[in-house]
Amino acid sequence: MAKKVAVKVNEDAIVWKEFTSAKGKKYEVGYLGEPDADQGGSAAPMGKSDFGISCNWPVGGNDWITTESSFKATTAISRYKLHSNADMPGDDVGGYAYRLEFSNEEHYDYYFSDQEGDSYRCNTFSNTDHFVRYNSDKPTIAYIKGS
């Protein structure tokens with residue numbers, strides 16, 4: 001069973017950039033303190049295995065969920081949380097209803113697909129926390145692809 005861990009993120013340290021989802025909707029990717037970061041080419045090292053894996057990450061609370069060891073071995077994602085932006089303090093939610101947060105341990109170009117079939121790209125060029133804000137009628141993350 002996945003372990004829940006409460007960790008507070010410094011909201012002022014997140015730099016947000018806007019992108020367009022696979023279905024043409026706007027979404028934003030946030031990075032911790034990396035103002036010149038972009039979504040350029042894949043940052044995955046040579047020889048790193050591409051993957052595609054089903055998951056069931058429903059909208060929940062504000063606690064981080066530690067991933068199972070087999071999931072982490074495949075995806076290099078060590079923890080995540082998906083919550084409603086209504087849970088966020090203040091007004092800085094960017095007009096997005098949902099926020100996915102995750103921590104990675106390998107450089108991957110991730111694609112997170114919700115139950116609507118839309119996907120949101122987040123190129124992780126550093127091993128740290130990453131953030132994705134989006135709108136969806138079916139926000140549960142159901143599939144993750146990495147390259």
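**Entry 1. Ground rules.**
I am working on a predicted model, where local features need pLDDT of at least 70 and side-chain atom pairs count only at pLDDT 80 or more, while totals for chains, interfaces and linings use all residues. Residues are numbered from 1 along each chain as its sequence is written, and side-chain values use heavy atoms, with hydrogens and water left out.

**Entry 2. Inventory.**
I find one helix and eleven strands in the protein. Helices (H or I, at least four residues) and strands (E, at least two) are DSSP runs, numbered from the N terminus. Along the sequence I read the pattern β-β-β-β-β-α-β-β-β-β-β-β. Of the 147 residues, 46% are buried. For burial I use under 20% relative accessible area, with exposed over 50% and partly exposed in between (1.4 Å probe, protein chains only). The protein exposes about 7200 Å², and carbon and sulfur atoms supply 48% of that area. Accessible areas come from the Shrake-Rupley method with a 1.4 Å probe; for residues, only the protein chains shown count as cover. I also looked at contacts (heavy atoms within 4.5 Å). Among those between residues at least 6 apart in sequence, 60% join residues at least 24 apart.

**Entry 3. The open sheet.**
I traced four strands in an open sheet, in the order β4-β11-β8-β9, with antiparallel pairing. β4 and β9 stand at the edges with a single partner strand each, so one side of each has no neighbour in the sheet. From one strand to the next the twist averages 20°. Axes are lines fitted to C-alpha atoms, for helices over the stretch in contact, and angles run from 0 to 180 degrees between N-to-C directions. β8 and β11 pair in the antiparallel sense over five bridges, and I noted G146 in β11 as the bridge partner of Y110. On the β9 side, F112 has Y120 as its bridge partner. The hairpin of β8 and β9 has four residues between the strands, and G117 there takes a positive phi near 90°.

**Entry 4. β9.**
Is β9 enclosed or open to the outside? Five of its five residues are buried, so β9 is largely enclosed by the rest of the structure. I checked both faces: S119, R121 and N123 on one side and Y120 and C122 on the other are all buried. S119 has 15% relative accessibility. Leaving out residues up to four places away in sequence, S119 touches S21, A22, Y111, F112 and S113. Its C-alpha atom is separated by 9.1 Å from that of I141, 22 residues apart along the chain.

**Entry 5. Nonpolar core.**
A nonpolar core here is a set of buried Ala, Val, Leu, Ile, Met, Phe, Trp, Tyr and Cys residues joined through side-chain atoms within 4.5 Å. The largest one has 25 residues, and W57, L100, Y110, F112, Y134, I141 and I144 touch the most other members. Strands that each supply at least two residues include β3 (26-32), β7 (98-104) and β10 (129-134). β4 gives the most, with four residues. I listed the contacts of Y134, again without residues up to four places away: Y27, L82, Y96, A97, Y98, L100, D114, Y120, P139 and I141.

Y80 sits in strand β6 and is buried at 9% relative accessibility. It touches W57, D63, W64, I65, T67, E101 and F102, not counting residues up to four places away in sequence. The C-alpha atoms of Y80 and W57 are separated by 8.7 Å. I found A76 in the loop between α1 (69-75) and β6. Its phi is near 65°, a positive value in a residue other than glycine. A76 is buried, with a relative accessible area of 6%.

**Entry 6. Cysteines.**
How many disulfides does the structure hold? I find zero, taking a disulfide as a pair of cysteine sulfur atoms within 2.5 Å. C55 is buried at 15% relative accessibility, and C122 is buried at 0%.

Terms used:
Two strands pair if DSSP finds at least two bridges between them.
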